[in-house]
Amino acid sequence: MFSFLDKFFLKIEKIKIDLGTGIAFFFIIVFFRFLLESLLALGPANGFLPISSLLHYFFWYGVSFLFSSLIVSWFSQRPIDFVLKLILIFYPFILFPLLFPLILGESVKLSVSYLYASDFKTIFNTFLNFFENSNFSLSLRLQIFLSLLALVIFVYWSTKKWWRALMAAVISYFLLILAGSLPSFLIIFQNPQKLYPLPSLLDLFFHHQKEILIAKGYFSYLSSYNFNVWLDLVLASLLFPLLILALGLVVSFWKKDLVGVIFKNLRLRKGFDFFLTALLGGGVGIYLFSWYPSFSFINLIALINLFLIAILFYGATAFFDDIFDKEVDILAHPSRPLVSGKISEKSSLGIAASLAVLSLMGAMSLSFHLFLFVLASLFLAFLYSAPPFRLKRFFLINTFLVVLAFLFFAWGGFFWIFPEKNILDIPSGFIGFYLLVMMILVSLKDLSDFQGDQAGVIKTLPVVAGLQTAKLISGGALGLLVFLSFLFLSGNDFFLKIWGLIFGGSLFGLTVRKDFSEKVLYKTAVFFLGAVIFYLIIR
């Protein structure tokens, strides 16, 4: 038997599957699973599955595929790329629960049904008696049993250690039960009153949907919006952070150095700025309409997803921009991965495309409006960086495009929470003030990039007006804006007026000094604003 396995796995090792082909094959198989379930009338009311289920399926199968690969690689001590290829080749086996009953001439029941439990005890009991539980179809139980058996054989063949093989099977089985219990976590954490499982989710949908910051905007755009669509999108949002975590772990197993390169070039602080901008947009709506979202498990997941979307979005633009900015980065940012030779142009483009798709998929599960604004912002990034447009070369247009991307995220945050509103509900004065502030803040970034922009003939304010003049203009505008904001918004509070003067003067001084540092300026602003928040809380 082992000689047969040796020959079999040797043949698999010789099979060449590039990354793009592997991803395409995975998506095709999952799509066929979705299509078969729809054709067999396994959707709501014995009909087609809603299109939202496709996003849900991609996330669920993506998470299970990646985590199972990690477990198999860890216990078998085989390279992660070989394990990914091995599982991918056998991935059509996910169609087995649908095809097996057809082969036997029997009707197909709902082959994968989630467990709706109101406590962890029920989930644990399912773990103990899953294979004898008739509530799950025979074909599903047979599929899982055969998969675990194959896992035991493979791990034992690889290591010749039974304990590793059995541990891999037990852990995989446990995680599979947890993945199959996904709605239970909504019931347990969102509704701790221990209501009867399914009605508690129905109660959330029919009576508390407006309090939940996931999928609110789909009411306006989907005439067939129903409970199943809502549940698909909520579950997809729960899976999204797990998908990002699994991808990060797989990449670290595959190429450890690449994880560091990607993480560093994500430029987290700037991605965090987009996250804060989206929160600002939502905060403006909360201020205008005096409606406050409740703090709950689902809304916490929504905030985490919003953060991830912003980070992935900016990471995509960063890797894409680096491809066309090599001449600039050689002078201004020589440590960046592309110019330092850590990755190739093809790799940078692949990473950018992957991050962009992930940000769009995450946004799609969270809010239709946010999806549109992220898509629009990615289009702006293309116009900004890529030839033949490369609009970053043109004075003021380059700055305005970046500011417009920030404004799109602010609108995305606003409509994420208030999808029933429209642009006219946002005061034009706020939009104008926001654009002015962001024009000043974005121009500060150009001070750090002066040498590179000058070499690349990118007409930013420092290149056009000179570095010192640009510092005086940007620093003066920023300092004056901060001081005037404190002066007119602090009422009769003398301390805040003085603090605003000190704050604005400090920002001006840090901007015009010879060794200007964007990071120092950012930390100073955080300190001053933090002090203001602390003062407002204790006064």
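I take a helix to be a DSSP run of H or I with at least four residues, numbered from the N terminus. I note at the outset that the model is predicted.

**Entry 1**

I looked up L70 and found it in helix α3, which covers residues 52-76. Its relative accessible area is 8%; buried means under 20%, so L70 is buried. I then checked how L70 stands to V250. The two are 180 residues apart in sequence, yet their C-alpha atoms are 6.6 Å apart in space.

**Entry 1: the whole protein**

I turned to the overall make-up and recorded 25 helices and 0 strands. The C-alpha atoms fill a box of roughly 80 × 55 × 40 Å along the principal axes. I compared the radius of gyration with the expectation for a compact globule: with 539 residues that value would be near 24 Å, and the 27 Å of the protein agrees with it. I also noted that buried residues make up 50% of the 539 residues.

**Entry 2: salt bridges**

How many salt bridges are there? I recorded a count of 11, and I looked up several of them.

I began with R269 and E518, whose closest N and O atoms are 3.3 Å apart in a salt bridge. R269 belongs to helix α14 (residues 268-289) and E518 to helix α25 (residues 518-538), so this pair ties together parts that are 249 residues apart in sequence. I found R269 to be partly exposed, at 25% relative accessibility.

I next took D322 and R336, a salt bridge in which the closest N and O atoms are 3.9 Å apart. D322 sits in helix α15 (residues 297-324), while R336 sits in the loop between α16 (326-332) and α17 (345-366); the pair therefore ties together parts that are 14 residues apart in sequence.

I then examined R513 and D515, which form a salt bridge with closest N and O atoms 3.6 Å apart. R513 counts as partly exposed at 31% relative accessibility, whereas D515 is exposed, with a relative accessible area of 52%. I returned to D322 and R336 to see what else they join: salt bridges with shared partners link R267, D322, D329 and R336 into one network.

**Entry 3: a positive patch on the surface**

Which residues form the positive surface patch? I listed K264, K342, K519 and K523. I located K264 in helix α13, which spans residues 256-265. With a relative accessible area of 58%, K264 is exposed, because the cut-off for exposed is over 50%.

Where does F131 lie? I found it in the loop between α6 (120-129) and α7 (138-159). F131 is partly exposed, with a relative accessible area of 35%.

Conventions. Residues numbered from 1 in each chain as written. Predicted model: local features only at pLDDT ≥ 70, side-chain atom pairs only at ≥ 80, totals over all residues. Heavy atoms only, no water. Patch = residues over 30% accessible without salt bridge, like charges linked within 9 Å, V, L, I, M, F, W, Y side chains within 5 Å. Areas by Shrake-Rupley, 256 points an atom, 1.4 Å probe, with all protein chains shown as cover. Salt bridge = Lys/Arg side-chain N within 4 Å of Asp/Glu carboxyl O. Lys, Arg positive; Asp, Glu negative; His and termini not counted. Charge placed at Lys NZ, Arg CZ, Asp CG, Glu CD. Helix = DSSP H or I, 4+ residues; strand = E, 2+ residues; numbered from the N terminus. Buried < 20%, exposed > 50% of the residue type's maximum accessible area, 1.4 Å probe, protein only. Rg over C-alpha atoms; globule rule 2.2 N^0.38 Å.
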